[in-house]
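Take a look at the model, try each task yourself, and then read on.

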Amino acid sequence: PKTDIVFLKVHKSASSTVMNILFRFGETHNLTFAFPLGGGYQLYYPYHFLARFVQGFSPRSPRRFNILCHHMRFLQPEVQKVVPSSAVYFSILRNPVQLMESSFVYYKGASAFSRVRSLEEFLSQPYRYYSPTSGDRHYARNLMTFDFGFNPDGDVSPERVQLMLKAIEASFDFLLISEYFDESMVLLKEMLCWDLDSVVSFPLNSRDSSTKSPLPDSVVEKLKAWNRLDWEIYTHFNRTFWERIDRDIGRERMRREVKALRERQAELARTCLQGTGSVAPKDIKDSSLRPLQYGGARILGYNLKQGLDGELERTCRRLVTPELQYSSLLYKKQFPPQPP
């Protein structure tokens, strides 16, 4: 199994669920994480990543970390200073239309969104609300482009788009697609030589459907045009995703693997969870399993069954521990507080 990993955690793209998978694998195999300084949750995002943002990094010592997976704005020469040269680089993408709809609800306080009632209103005259110079502009335009380290207001000429896609291909071994999450997990398992249980998960940091609404076609087209660079990234890597599956796995085996993954997840849900799945934040009984609530979204969580035995309770608890709590727990393990 591959144990040196860089995961670019792209916002609002099922990346918290992938991060939980990496946390569990790292914890099980005693791997080290490149944590943000002081145990924070982001590597000084939205600044470009620098090696000195990592707790325990020193330019004089050759110490490397196994897994880098906290939110960052990608800058490969700096990333290479904190992970082994053998590290596998991957990320996950989401359809920019859904991504922006999610971003609008989640980052409602962002300067570009705070004065509009709806996405339609924003898109009717975006430059009235959006300023390319504001520090939080990336939440409102080409968020994936920004996370990969590029300019969200950049040139959309075919030449520039090609350069950007080539640069991403040169840096990343593969990109997953959140709309095909189960297929993505099978591909991840294949590329990292992991077993099935390492890639099972329950969806984390997802919001309830009360704030989701279908967008009219006219708005969808405007969204694609406004997020043109994201759209180019997404359509290109959605295509190469399926090309890779055809080449390395084949559709028939993919169907079998996805079926096995879903059966294992259903079995774990029956074993671990009260009820049939996720619940509203107010219904989560164990406060340590309550995810951070942010923006206008209601982030769902889980209740564990009572009376699970030790090892099983641990497995189940890890599957549903929200990102911030899990990150803190692993940080304290890796950097135990010094006794006074």
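**Exercise 1.** Find which residues lie nearest the centre of the second largest pocket, and describe its lining by element and by class.

*Solution.* Start at the centre: Arg24, Thr28, Asp197, Thr315 and Arg318 lie nearest to it, out of 18 lining residues. A pocket here is an open set of points on a 1 Å grid over the protein atoms alone, where a 1.4 Å probe fits, with protein on both sides within 12 Å along at least five of seven lines; lining residues have an atom within 4 Å of a point. Next, the elements: α1, α9 (196-199), α12 and α13 (310-320) each give at least two residues to this lining. Helices are DSSP runs of H or I with at least four residues, numbered from the N terminus. Finally, the classes: 6 nonpolar, 4 polar and 8 charged residues. Ala, Val, Leu, Ile, Met, Phe, Trp, Tyr, Cys and Pro count as nonpolar, Asp, Glu, Lys and Arg as charged, and the others, Gly among them, as polar.

A note on the source: this is a predicted model, in which local features need pLDDT of at least 70 and side-chain atom pairs count only at pLDDT 80 or more, while totals for chains, interfaces and linings use all residues. Residues are numbered from 1 along each chain as its sequence is written, and side-chain values use heavy atoms, with hydrogens and water left out.

**Exercise 2.** Work out which element gives the largest share of the lining of the largest pocket.

*Solution.* First, the whole lining: 47 residues, with Lys12, Ser16, Leu204, Asn205 and Ser206 nearest the centre of the largest pocket. Then the elements with two or more residues there: α1 (15-28), α3 (96-106), α8 and α14 (323-334). Of the lining, α3 supplies the largest share, 5 residues.

**Exercise 3.** Explain what parts of the chain the salt bridge between Arg262 and Asp182 ties together.

*Solution.* Begin with the contact: the closest N and O atoms of Arg262 and Asp182 are 2.5 Å apart. A salt bridge is a side-chain nitrogen of Lys or Arg within 4 Å of a carboxyl oxygen of Asp or Glu. Arg262 lies in helix α12 (residues 251-272) and Asp182 in helix α8 (residues 181-192), so the pair ties together parts 80 residues apart in sequence.
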